[in-house]
Amino acid sequence: MPTHSETRRLPYTAQQMYDLVADVASYPEFLPWCAAARIRSRNDIGGGAEEMLADLVISFKVFRERFGSRVVLYPHDMKIDTEYLDGPFRYMKSNWAFADAEGGCDVTFHVDFEFKNAVLQKIIGVVFNEAMQRIVRAFERRAAALYG
């Protein structure tokens, strides 16, 4: 199943990048293929962590699907974990980690998923790495617009 992992050093603080990624409601403003976002709920789950249930609408060519995710924010650890709840995927998990480093911060991103629809899975498989790189670049451009 498609997976993608990368770590990038960016000229921003870990807090700035954490805040950018945690702002799920703003994703349609800058993420490719993200047509809409809705936060269903936000709850403190203890230990300084917060759970957010969110829906994203992804639009790619003739494909338009809503999917729900459970996003767990760990602000003290500078980590964000996302787990798929419902929609077109068989499963989907992603993780973000942010660490201050010389000259900025290291941003680590990992995603692993599989679509229920085999045809869609094959289409995405062909362009998967390019799509993930476009998404990471979109976060970088957003950071430059907000903090640069």
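Reader: Which residues touch the most other members of the largest nonpolar core?

Author: Good place to start! In this predicted model, the residues in question are Y27, I80, F98 and F139, and the core they belong to has 43 residues. Helix α2 (118–147) is among the elements that each supply at least two residues of this core, as are α1 (14–22) and β5 (79–86). The most comes from α2, which gives nine residues.

Reader: What does Y27 touch, not counting residues up to four places away in sequence?

Author: Y27 touches L20, V21, C34, L56 and F139.

Reader: Why does C34 count as buried?

Author: Buried means under 20% relative accessible area. C34 has 9% relative accessibility, so C34 counts as buried. C105 is at 0%, and therefore counts as buried too.

Reader: How many disulfides does the structure hold?

Author: It holds zero disulfides. To be counted, a pair of cysteine sulfur atoms would have to lie within 2.5 Å.

Reader: Why is D55 called buried?

Author: The cut-off is under 20% again, and D55 has 4% relative accessibility, so D55 counts as buried. You will find D55 in strand β3 (residues 49–60).

Reader: What makes the link between the side chains of D55 and R38 a polar contact?

Author: Here we set a distance against a limit. A polar contact needs N or O atoms within 3.5 Å, with one able to donate a hydrogen and the other to accept it. The side chains of D55 and R38 make such a contact at 2.5 Å. The side chain of D55 makes another polar contact, with the side chain of R40, at 2.7 Å. Leaving aside neighbours within four places in sequence, D55 is also in contact with residues including A36, R66 and F67.

Reader: How do you know that β2 and β3 pair?

Author: Two strands pair if at least two bridges are found between them. Strand β2 (residues 34–46) and β3 have 10 bridges, in the antiparallel sense, so they meet that rule.

Reader: What makes β3 and β4 a pair?

Author: The rule of at least two bridges applies once more. β3 and β4 have 11 bridges and run antiparallel, so they count as paired. In β4, R66 is the bridge partner of V57. Their hairpin has two residues between the strands, and K61 takes a positive phi near 55 degrees.

Key
Residues numbered from 1 in each chain as written. Predicted model: local features only at pLDDT ≥ 70, side-chain atom pairs only at ≥ 80, totals over all residues. Heavy atoms only, no water. Buried < 20%, exposed > 50% of the residue type's maximum accessible area, 1.4 Å probe, protein only. Helix = DSSP H or I, 4+ residues; strand = E, 2+ residues; numbered from the N terminus. Contact = heavy atoms within 4.5 Å. Core = buried A, V, L, I, M, F, W, Y, C linked by side-chain atoms within 4.5 Å.
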